[in-house]
Amino acid sequence: MKKLVGDLLLSAATVAAISGGIAAVLSRWQVGPLAVVYILGILWLATRGRTAALLAAIEAFLVYDWFFVPPFHTLDVQQPQEWLELGIFLVVALVAGQAYALQRRQALEAAERDRHTQLLYDLSTGLTVQENLGGMFDRMLAKLAQGLGLSGLRLYVWREGARELSGGVEVASDGVSEPVTSVYRVPCRIGEHDLAEMEVFQRSDGQPLSQDDLRVLQGFANQLANALERRRLEKEEQLNQVLGEANRAKSSLLAAVSHDLRTPLAAIKASATSLLQAGADFDEGERREFLAAVNREADRLDRLVRNLLDMSRIESGALTPRLEWHNLSEIAADVVDRLQPVSDGHELQLVAEDREFLANVDYVQLSQVLTNLVDNAIRHGAPLAPIRVGVAEGRLWVENQGRQLSDEEREHIFDRFYRGEGLASGTGLGLAIAKGVVEAHGGRIWVENTAEGMRFRVELAVSEERGVPSPSLSHCDGRGTN
Amino acid sequence: LSRILVVDDAPEIRNLLKRTLMGQGHAVEVAEDGVEGVAKARSWEPDIILLDLAMPRMGGLSACEHIREFSQSPIIVLSVMGEEQDKVRALDAGADDYITKPFGVEELMARIRVALRRSAGAPAPTTFACDGLAVDLDARRVTVEGREVHLTPIEYAVLSYLVRNAGRVLTHTQILAHAWGPEYTGELQYLRSFIGQLRKKLGDSAARPHFVLTEPGVGYRLRSPDW
């Protein structure tokens, strides 16, 4: 309606202007039929559309007849040939206007289609780029909104039955804070399966969306659905790979563990059955030896089970150290004292000043690290050679005498299930756990060859804060010896 | 000899403990979960209760709280490595001590002896003498190898609390609340530092403390003179 009124006004103005011009010319010169001049105005108006051209043709016909065809100021015509002239003028004006308007519209539509095609193409090439999804969505949506002149676009991805806003763009309004209203919801689906939904806001200029605009939106929605589906399949594939790897790891863990569990179990079983033998005649010393073996092997089993638990915690990311200030030399001494009886004849030496080396660590976990390092040194140390456990500010080390590590061993020694060259025993878990725990503490662990053998080093983060603030003592009475 | 209630869901542990404790001449009852444990604690009135933490139906922590509503018999919590926070909760909920599985019988018997002595109604010890260290709380006197040691009021407060509970674990919270006041129970580093100073003054080794023993993640324990 608004457009019709506009067309009417504009065509009237155009016809009036041209009529004025014709009247001005006719007042000076006697020239032939000037009606043809109206055609120019009609063609110009045809760029606005067919209605404007049609209105202008009729108006021009009427005005020309009224003002310039005698008798003037009537729609009557004197000469029959003038009827013919007027009729031809009307037909030419109508046909030329309509033909031009049609051609003009087709050209505009073609340009628009080109633009839409280009837009879709740009968007589809953008979608194939593998990167952070959120950022990509935002950029694609911004491009699309700009291309279609939309005031906003939002993308919701369906996750477990709920819509989740995954990207959006809103064109800043021109200060007139009229709330943008969403006009369409375009589903992104694969087959019957809804993957996402686009919420489309009205055009910035208030015009309705054309069929072509809607086609572009649907086209983009389809591409988006494809991209999302591809992403989902890739993730599934990755997950399958991870699961496959975990499965293989589990198998080799089970193999290693059953071996390591069996060794102490065999020793316990053998000792117990020896003692149970009917008629066996052991003296007190022999009996105690069997019992000591049971005791020792039970401890070994305990350490192994603890390692398994730690490993599963590390793997599932559930190993969170409970940090408290502990004295590293106390932890080291505790481990040395505990392992000395099962050290296969190695002397365990604690190398530390007798003072506190405080560090913010989980006591149990760090003592497991040291236990595993010492256990490793016992396994790989030269027979009967001493093993040294050192403590200093924020640092620990365990060194043994014996062979040195090859480059390959050094590289893989902290890998799960890795066992050194020519070694049958060990789960290949201890050092991996040590590494996992130390790293969970924000520390560092590495191994180096020494002149005599190898040395594992642990470096822990030490807090800046050395002094301990003293609390107010005002509420304490003077009970004390001084 | 005492009446001991063993509450544990593992039959092997129940049977082993029953046989071992009866071998020492104690009377033993067993219960296989918290619910049964609380019921037997009420009906049988044991002198001491050994209470597992992880059990079906009712765990050791809630059992401990329930038992404390009607009984002051000592409770020793049986737990596994890694349950430090549960141990602390149980101790703060009224348990007397804990022991970590797997444990040696000798260690368990020592814990039981300490707990029984406390419950026998005897007043808390006011003296402590062991390997050169002598503390006399009545005389407010601390000597190492006969030489008098000067302690700050806080150090003395911590030491006297430990002496009254010799052999028994005290949680960080308990010690802080006792020596500093309840508003300081979160200030673990105070305690850490004071224990360090205390050990130094008592001639204790930093790496291998002989008197004031660390219970990792839980608290401290003054060694029992008769260990």
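Me: Helices (H or I, at least four residues) and strands (E, at least two) are DSSP runs, numbered from the N terminus. With that in hand, where does P102(B) sit in this predicted model?

Reply: P102(B) lies in the loop between β5 (97–101) and α5 (105–119) of chain B.

Me: What makes the peptide bond from K101(B) to P102(B) worth a look?

Reply: That bond is cis, and its omega is near -5 degrees.

Me: And what stands out about the phi of H73(A)?

Reply: H73(A) has a positive phi, about 60 degrees, although it is not a glycine. You can find H73(A) in the loop between α3 (50–68) and α4 (80–127) of chain A.

Me: On to sheets. How do you know that β1 and β4 of chain A are paired?

Reply: Pairing takes at least two bridges. Strand β1 (residues 152–159) and strand β4 (residues 193–201) of chain A are joined by 5 bridges, so they count as paired, and they run antiparallel. As an example, Y156(A) has E197(A) in β4(A) as its bridge partner.

Me: Why are β2 and β3 of chain A said to stand at the edges?

Reply: Look at the order of this open sheet of 4 strands, β2-β1-β4-β3, with antiparallel pairing. β2 (162–170) and β3 (182–190) of chain A each have a single partner strand, so one side of each has no neighbour in the sheet. From one strand to the next, the twist averages 20 degrees.

Me: How is the sheet in chain B put together?

Reply: That open sheet has 5 strands in the order β2-β1-β3-β4-β5, and the pairing is parallel. Its edges are β2 (27–31) and β5 of chain B, because each has a single partner strand. Neighbouring strands are turned by 20 degrees against each other on average, ignoring direction.

Me: How do you know that β1 and β3 of chain B are paired?

Reply: Strand β1 (residues 3–7) and strand β3 (residues 48–52) of chain B share 4 bridges and run parallel, so they pass. Within that pair, L5(B) stands opposite I49(B). Helix α1 (residues 11–23) of chain B packs on the sheet, touching β1, β2, β3 and β4 (75–80) of chain B, and its direction makes about 170 degrees with that of β2(B).

Me: Why is the pair R232(A) and E229(A) called a salt bridge?

Reply: The cut-off is a side-chain nitrogen of Lys or Arg within 4 Å of a carboxyl oxygen of Asp or Glu. For R232(A) and E229(A), the closest N and O atoms are 3.0 Å apart, so the pair qualifies. These two residues are 3 apart in helix α6 (residues 211–276) of chain A, which means that about one helical turn separates them. Over all chains, the structure holds 45 salt bridges.

Me: How do you know that R199(B) and E356(A) form one too?

Reply: Their closest N and O atoms are 4.0 Å apart, and the limit is within 4 Å, so this pair counts as well. Between chain A and chain B there are 4 salt bridges. Four elements of chain A, α7 (284–315), β5 (324–327), α8 (328–339) and α9 (363–380), each supply at least two residues of the side that touches chain B. α8(A) gives the most, with 5 residues. By class, that side has 12 nonpolar, 8 polar and 11 charged residues.

Me: How much area is buried between chain A and chain B?

Reply: About 3000 Å², and carbon and sulfur atoms give 58% of it. The contact takes 31 residues from chain A and 37 from chain B.

Note on methods:
Residues numbered from 1 in each chain as written. Chains lettered and ligands numbered in written order. Predicted model: local features only at pLDDT ≥ 70, side-chain atom pairs only at ≥ 80, totals over all residues. Heavy atoms only, no water. Axes fitted to C-alpha atoms, helices over the stretch in contact; angles between N-to-C directions. Contact = heavy atoms within 4.5 Å. Buried area = accessible area lost by both parts, 1.4 Å probe. Nonpolar A, V, L, I, M, F, W, Y, C, P; charged D, E, K, R; others polar.
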